[in-house]
Amino acid sequence: MTAHDLVFVIVGLVTAVSAILVVTSRHLMHAALYLALTLTGIGGVFLVLGAGFIALVQVVVYVGAVAVLFLFGLMLTRAPIGREALDSQNRGLGLAVAGALFVLLAALIIPAFGGESTAEVTGPTIEAIGIAIFADWVLPFEVLSMLLLAALIGAILLARREAGESGTEAEVTRIEMGEALADEPDRHEAVGTSAPAGELGAGGGR
Amino acid sequence: MSPLGPLLLAALLFSIGVYGVIARRNAVLVLMSVELMLNAVNINLVAFQNLLFPAELAVSGQMFALFIIGVAAAEVGVGLAIVFNLFRNRATVNVDDVDLMRW
């Protein structure tokens with residue numbers, strides 16, 4: 001076992017344990033922070049595999065943007081905390097399916113790749129990746145930029161308060177004034193968790 | 001270095017993601033499990049590229065990993081926007097309660 005393998009085992013163990021904690025943790029915030037640790041660990045795996053650029057992109061995009069986005073998502077949807085509220089009834093089914101899938105994949109992978117072993121890890125340089133992006137992969141790259149633009153516009157459109165209203169300024173200032181709450185109580189309380197079931201349909205069908 | 005270790009780690013992460021998607025009720029946690037599965041595929045792609053086909057000029061494995069990272073970022077943005085909309089309209093993010101489009 002070389003030093004390379006040793007580092008991989010350590011990083012892989014950290015990644016696997018924190019990934020298990022992501023799906024079993026009882027606290028939402030802990031799950032999100034374990035997810036950040038898992039994504040960092042996967043970046044470390046990329047480093048061990050000799051893909052420095054992918055590791056960098058992983059840390060910047062996933063740990064820097066996606067994990068923070070998840071933290072905001074959890075904070076903005078005030079969900080109840082606790083195992084009963086977080087896990088559904090079919091935990092046994094999930095365990096069975098996931099276990100069977102892992103056993104199947106391992107039974108396929110171990111005979112197929114058990115014997116092979118390359119002497120050293122050699123990855124392409126960042127220069128080669130840059131040339132490949134803008135020579136061989138330039139069309140998919142542009143399509144990806146269009147996809148990101150479409151996702152940006154779609155996310156803004158979906159998460160906006162009211163379709164047809166220009167902004168949220170009026171509502172926010174009225175909430176801060178306080179006495180304006182009496183005018184339209186149901187609209188403001190629909191944001192909270194205590195909205196009655198009867199008004200939800202009216203709020204949803206715009 | 002043998003490709004066995006990274007491939008087994010990726011299989012484990014993918015299985016954990018499948019378990020999370022099935023067992024979790026909170027929609028944000030389900031999205032997090034989907035991210036785990038996407039990352040497992042990325043490990044596979046990078047391992048295949050660097051350990052089995054290191055001399056390939058087009059760097060296909062790492063390019064696919066990069067594109068998956070970009071697509072996953074877009075997916076998280078739209079997915080969280082849908083979850084926020086759901087929370088505003090239904091005051092819940094429990095995926096078991098959202099069965100409006102179920103036949």
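How many residues does the largest nonpolar core have, and which of them have the most contacts inside it? In this predicted model, that core has 66 residues, and the ones with the most contacts inside it are Ile54(A), Phe70(A), Met32(B), Ile43(B) and Met63(B). From chain A, helix 1 (3-24), helix 2 (28-48), helix 3 (52-76), helix 5 (91-113) and helix 6 (126-135) each put in two or more residues, as do helix 1, helix 2 and helix 3 of chain B.

Met32(B) is worth a look here. Setting aside its neighbours within four places in sequence, Met32(B) is in contact with Val22(A), Ala31(A), Ala32(A), Leu35(A) and Phe70(A).

Now for the interface itself. Between them, chain B and chain A bury about 7200 Å², with 75% of that on carbon and sulfur atoms. On the chain B side, Met1(B), Tyr19(B) and Arg88(B) lose the most area to chain A, together accounting for 12% of what that side buries. In terms of residues, 96 from chain A and 72 from chain B take part in the contact.

As for polar links, the count of salt bridges between the two chains is 0, while 10 residue pairs are in polar contact, both partners at pLDDT 80 or more. The side of chain B that touches chain A draws two or more residues from each of helix 1 (4-23), helix 2 (27-52) and helix 3 (60-90) of chain B. Helix 3 of chain B supplies the largest share, 26 residues. Sorted by class, this side of chain B has 51 nonpolar, 15 polar and 6 charged residues.

How values were computed
Residues numbered from 1 in each chain as written. Chains lettered and ligands numbered in written order. Predicted model: local features only at pLDDT ≥ 70, side-chain atom pairs only at ≥ 80, totals over all residues. Heavy atoms only, no water. Contact = heavy atoms within 4.5 Å. Buried area = accessible area lost by both parts, 1.4 Å probe. Salt bridge = Lys/Arg side-chain N within 4 Å of Asp/Glu carboxyl O. Polar contact = N/O pair within 3.5 Å; in protein donor to acceptor, adjacent residues only side chain to side chain. Helix = DSSP H or I, 4+ residues; strand = E, 2+ residues; numbered from the N terminus. Nonpolar A, V, L, I, M, F, W, Y, C, P; charged D, E, K, R; others polar. Core = buried A, V, L, I, M, F, W, Y, C linked by side-chain atoms within 4.5 Å. Buried < 20%, exposed > 50% of the residue type's maximum accessible area, 1.4 Å probe, protein only.
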